[in-house]
Amino acid sequence: MKGIIVNQDNLNQEWVDLAPAWIKEARQGENPNREGLLDNPMLEACGNVEGLRVLDCGCGEGRFCRLLTNQGAEYVLGVDLCKPMIDAAEEMQSGGDEYRIADVQNMNYLESQTFDLAVSYLNQCDLPDFNANNKEVFRVLKPGGKFIIANLHPMRSATGGWHRSDEGEKLHAMLDRYFEENERRWMMMGVEFTNFHRSLATYVRGFLKAGFCLDDIIEPTATQEQLKRYPQLEDELRVPNFIVYVLKKP
Ligand SMILES: C[S@@+](CC[C@H](N)C(=O)[O-])C[C@H]1O[C@@H](n2cnc3c(N)ncnc32)[C@H](O)[C@@H]1O
């Protein structure tokens with residue numbers, strides 16, 4: 001990402017501001033994107049986690065760490081830069097999971113080749129330097145280890161909005177500024193915050209350059225069953241909002 005000057009402290013402050021609303025929503029289980037759409041492909045891509053040592057990059061309040069622990073992972077380390085998120089995660093710690101306030105772009109506090117699996121659940125879009133995270137995860141994974149990444153779909157992180165009719169009907173999702181790779185400002189839960197947009201090619205090349213093999217790409221869409229439970233997911237039948245990359249360290 002040439003030419004981007006961002007201040008990691010400011011980025012972190014945005015998450016500190018968002019944390020109370022984020023934690024409340026996660027604890028109430030009211031996020032259709034995660035429960036309804038992303039959890040299943042993420043868990044399927046992780047496969048059988050029994051007995052595995054897992055790293056969760058940008059773990060938030062620890063929701064996915066707890067899911068992995070419940071699925072039999074031996075040890076899950078959740079890393080997040082936002083203290084309120086880690087405090088909230090530690091409140092629900094069950095024994096197999098552990099948490100650390102740290103930057104996932106520099107994990108020199110972790111020994112090389114000590115994890116079987118790493119996940120990144122909607123975190124790389126928050127990182128000014130996603131290549132640094134790829135490099136670090138590659139280093140701490142054992143050979144044969146997988147890195148499963150859920151991210152905003154590059155077609156949606158480019159602009160995000162809908163072109164609507166005068167009556168407010170959603171006509172088309174807009175795609176613009178796709179090749180302009182830099183930060184985007186959004187409103188989420190009443191807080192203005194920053195994400196980073198990169199093209200699909202930039203992401204895939206970054207993974208390959210770090211040494212990973214790309215095993216699969218999943219573009220989750222809603223099933224009829226999911227739609228019955230979460231009618232809000234209807235847009236997912238029209239445009240891909242999210243993407244899951246399945247990477248493997250040879
Ligand atoms: C969209 S939330 C996802 C949280 C969690 N993975 C989930 O699915 O509920 C992104 C998280 O990444 C964290 N984060 C952002 N930049 C980070 C960085 N450089 N290092 C570690 N964590 C970071 C934020 O504090 C936030 O908790």
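Colleague: What share of the 250 residues in the protein is buried?
Modeller: This is a predicted model, where local features need pLDDT of at least 70, side-chain atom pairs count only at pLDDT 80 or more, and totals for chains, interfaces and linings use all residues. Residues are numbered from 1 along each chain as its sequence is written. A residue is buried if 20 or more other C-beta atoms, placed from the backbone, lie within 10 Å of its own, exposed if 12 or fewer, and partly exposed in between. By that rule, the buried share of the 250 residues is 37%.

Colleague: Thanks! Which residues have the most contacts inside the largest nonpolar core?
Modeller: In soluble globular proteins, nonpolar side chains tend to be buried together. A nonpolar core here is a set of buried Ala, Val, Leu, Ile, Met, Phe, Trp, Tyr and Cys residues joined through C-beta atoms within 7 Å. The largest one has 62 residues, and the most contacts inside it belong to Met42, Val54, Ala118, Val119, Ile148 and Val244.

Colleague: Is Tyr121 buried or exposed?
Modeller: Happy to look: Tyr121 is found in strand β4 (residues 115-121), a strand being a DSSP run of E with at least two residues, a helix one of H or I with at least four, both numbered from the N terminus. Leaving aside neighbours within four places in sequence, Tyr121 is in contact (C-beta atoms, placed from the backbone, within 7 Å) with Met42, Phe64 and Ala150. Because 23 other C-beta atoms lie within 10 Å, Tyr121 is buried.

Colleague: Why do the buried residues of α7 line one face of the helix?
Modeller: In helix α7 (residues 200-210), the buried residues are Tyr203, Phe207 and Ala210. Seen down the axis of α7, they line one face because they fall within an arc, taken over the directions from the helix axis to the C-beta atoms, of 70 degrees.

Colleague: And which exposed residues does the other face of α7 carry?
Modeller: The buried residues of α7 pack against α5 (130-140), α6 (154-157), β10 (213-218) and β11 (242-248). Turned away from that buried side are the exposed residues Ala201 and Lys209.

Colleague: Lastly, which residues come nearest to the ligand?
Modeller: A residue counts as near if its C-beta atom, placed from the backbone, lies within 6 Å. Each of α1 (8-28), α3 (63-70) and β2 (75-80) supplies at least two residues of the shell around the ligand. Of the 20 residues around the ligand, the nearest are Trp15, Gly58, Gly60, Leu81 and Cys82.

Note on methods: Contact = placed C-beta atoms within 7 Å.
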